[in-house]
Amino acid sequence: MHSGTKRENVEDIRQATAFCLVSSYIADMSKWIHSGRRRDICYILYESGGMTDQELKTELERKYDSRIKPRTFRSAVEKLVETGYVISKTEGLQEHYSLSKKGKQSIEEHLEWIDQETGSV
């Protein structure tokens, strides 16, 4: 039994509907966004403007509220670098990641689509 208010229930339904719309859109998108982890890495880099490898991994773990194996993390980031969505630069002992022009454009197109489908502005 759900004890939330009617307003909370409506918001839950709206969020579930938005999730379904996004999920169906993701199925049609190019492979860069098929991986939720790669998509989330791109969003984090989009919001932050760029991060070191450790900062990015820490932020992703905070978002997921669980530890990510270093090998799994590196694999996801390397795929984004290989496909041209993320730029990697060595700064001292660390790698620094930022979105490429292609990555920024893809995120912005995705956000625009979500706004159109969910009625957000």
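**Basis of the values**

The model is predicted, so local features need pLDDT of at least 70 and side-chain atom pairs count only at pLDDT 80 or more, whereas totals for chains, interfaces and linings use all residues. Residues are numbered from 1 along each chain as its sequence is written, and side-chain values use heavy atoms, with hydrogens and water left out.

**Overall architecture**

The chain contains five helices and three strands; helices (H or I, at least four residues) and strands (E, at least two) are DSSP runs, numbered from the N terminus. Along the sequence, these elements follow the pattern α-α-β-α-α-β-β-α. The chain has 121 residues, of which 33% are buried. Here buried means under 20% relative accessible area, exposed means over 50%, and partly exposed lies in between (1.4 Å probe, protein chains only). The accessible surface of the chain is about 8,300 Å², and carbon and sulfur atoms account for 50% of that surface. These areas come from the Shrake-Rupley method with a 1.4 Å probe; for residues, only the protein chains shown count as cover. Among contacts with a separation of 6 or more, 50% join residues 24 or more positions apart, a contact being heavy atoms within 4.5 Å.

**The sheet**

The three strands form an open sheet in the order S1-S3-S2, with antiparallel pairing. Strands S1 and S2 (86-91) stand at the edges with a single partner strand each, so one side of each has no neighbour in the sheet. Two strands pair if DSSP finds at least two bridges between them. S1 and S3 are joined by two bridges, while six bridges join S2 to S3.

In the S2 and S3 hairpin, two residues lie between the strands, and glycine 92 takes a positive phi near 65°. Glutamate 91 stands opposite glutamine 94 in S3.

Methionine 51 belongs to strand S1, and its bridge partner in S3 is tyrosine 97. The relative accessible area of methionine 51 is 14%, which means that this residue is buried. Leaving aside neighbours within four places in sequence, methionine 51 is in contact with Ile44, Leu45, Leu56, Glu59, Glu95, His96 and Tyr97. One of these residues, histidine 96, is 45 residues from methionine 51 in sequence, yet the two C-alpha atoms are 5.5 Å apart in space.

**Helix H3**

Helix H3 comprises twelve residues (53-64); at 1.5 Å a residue it should span 16 Å, and its end C-alpha atoms are 17 Å apart, which agrees. The expected span is 1.5 Å times one less than the number of residues. The buried residues of H3 are Leu56, Lys57, Leu60 and Glu61. They cover an arc of only 130° around the axis and therefore lie on the same side of H3, the arc being that of the directions from the helix axis to the C-beta atoms. An α-helix has 3.6 residues a turn, so residues three or four places apart point the same way. The buried residues of H3 pack against helix H2 (36-48), strand S1 (51-52), helix H4 (70-82) and strand S3 (94-99). Aspartate 65, which follows H3, has a positive phi near 55°.

**Salt bridges**

The structure holds three salt bridges, each defined as a side-chain nitrogen of Lys or Arg within 4 Å of a carboxyl oxygen of Asp or Glu.

| Residue | Partner | N to O distance |
|---|---|---|
| Arginine 39 | Aspartate 40 | 3.8 Å |
| Glutamate 61 | Lysine 57 | 2.6 Å |
| Arginine 62 | Glutamate 59 | 2.4 Å |

Arginine 39 is buried at a relative accessible area of 19%, and aspartate 40 is buried at 10%.

Glutamate 61 and lysine 57 are four residues apart in helix H3 and are therefore separated by about one helical turn. Glutamate 61 is buried, with a relative accessible area of 16%, and lysine 57 is buried at 10%.

Arginine 62 and glutamate 59 also lie in helix H3, three residues apart, about one turn of the helix. Arginine 62 is exposed, at 57% relative accessible area, whereas glutamate 59 is partly exposed, at 23%.
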